[in-house]
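Please keep the sequence and the model in view while reading.

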Amino acid sequence: LIRSAEQKPNSLLFWIWPSYPMGMTGWTMLRAVCDGHWDVSEGRRRVRAPNGSEIWIKSADNPQSLRGFGLAGAVLDECRDISPKLWPEVVRPALSDKRGWAMFNSTPRGYDWFHGLYQFAVDNGPEWAAWTFTTHDNPAMDRAELVEIEASTPSLVWRQEYLADFSAG
């Protein structure tokens with residue numbers, strides 16, 4: 001989001017979370033990175049780059065509030081917990097006139113709409129891409145902690161939450 005905002009002046013980008021409280025995760029990170037370099041609006045959960053681009057933290061719990069914007073980019077975080085209608089009915093149209101980009105981040109939960117998008121990305125390059133990362137890929141994770149978690153976590157939960165396995169859902 002930040003790189004895109006810096007590269008395209010006067011652009012608008014959304015970081016969309018399933019709920020307002022969940023969006024605080026993103027807001028805390030975004031504010032920490034941008035504070036002192038960009039204008040930060042605490043009350044509106046928005047940052048503005050020196051080139052006029054803005055990144056807004058938004059919530060998906062009221063999809064109508066996301067309509068009417070022309071977006072240069074959007075990140076849908078924990079998107080498996082967002083209504084499957086939000087992407088095709090609200091976000092995709094908002095990106096269309098600016099040829100904006102989207103990124104979908106989530107832990108898989110079975111063969112739902114997020115899996116459908118993932119599979120579409122796998123099958124439809126080069127404008128689409130798909131990645132899977134497990135908790136093992138996180139260099140900050142203590143390996144002994146992972147062994148403990150695996151030993152004390154039901155197999156399906158382990159596979160879904162830590163191995164990013166769609167079939168576990």
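His37 is placed in the loop between H2 and E2; helices (H or I, at least four residues) and strands (E, at least two) are DSSP runs, numbered from the N terminus. With a relative accessible area of 59%, His37 is exposed, where buried means under 20% relative accessible area, exposed over 50%, and partly exposed in between (1.4 Å probe, protein chains only). The C-alpha atoms of His37 and Pro50 are separated by 8.0 Å, although these residues are 13 residues apart along the chain. Gly36, which follows H2, has a positive phi near 95°.

The model is a predicted one, in which local features need pLDDT of at least 70 and side-chain atom pairs count only at pLDDT 80 or more, while totals for chains, interfaces and linings use all residues. Residues are numbered from 1 along each chain as its sequence is written, and side-chain values use heavy atoms, with hydrogens and water left out.

## Helix H2

Helix H2 covers residues 20-34, and its 15 residues should span 21 Å at 1.5 Å a residue; the end C-alpha atoms are 20 Å apart, which agrees. The expected span is 1.5 Å times one less than the number of residues. H2 has a kink of about 30°, centred on Gly26; the bend at a residue is the angle between axes fitted to the seven residues ending there and the seven starting there.

Gly26 is also one of the buried residues of H2, together with Gly23, Trp27, Leu30 and Cys34. The buried residues of this helix pack against helix H1 (2-7) and against strands E1 (12-17), E2 (39-41), E3 (46-48) and E4 (54-59).

## Two residues with positive phi

Most residues other than glycine have a negative phi. Asn10, in the loop between H1 and E1, is not a glycine, yet its phi is positive, about 60°. Arg45, in the loop between E2 and E3, likewise is not a glycine and has a positive phi of about 50°. Asn10 counts as exposed because its relative accessibility is 60%, whereas Arg45 is buried, with a relative accessible area of 3%.

Met103 belongs to strand E6 (residues 101-105) and counts as partly exposed at 36% relative accessibility.

Thr107 lies in the loop between E6 and helix H4 (113-123). At 17% relative accessibility, Thr107 counts as buried. Neighbours within four places in sequence aside, Thr107 is in contact (heavy atoms within 4.5 Å) with Glu78, Arg80, Phe114, Gln160 and Glu161.
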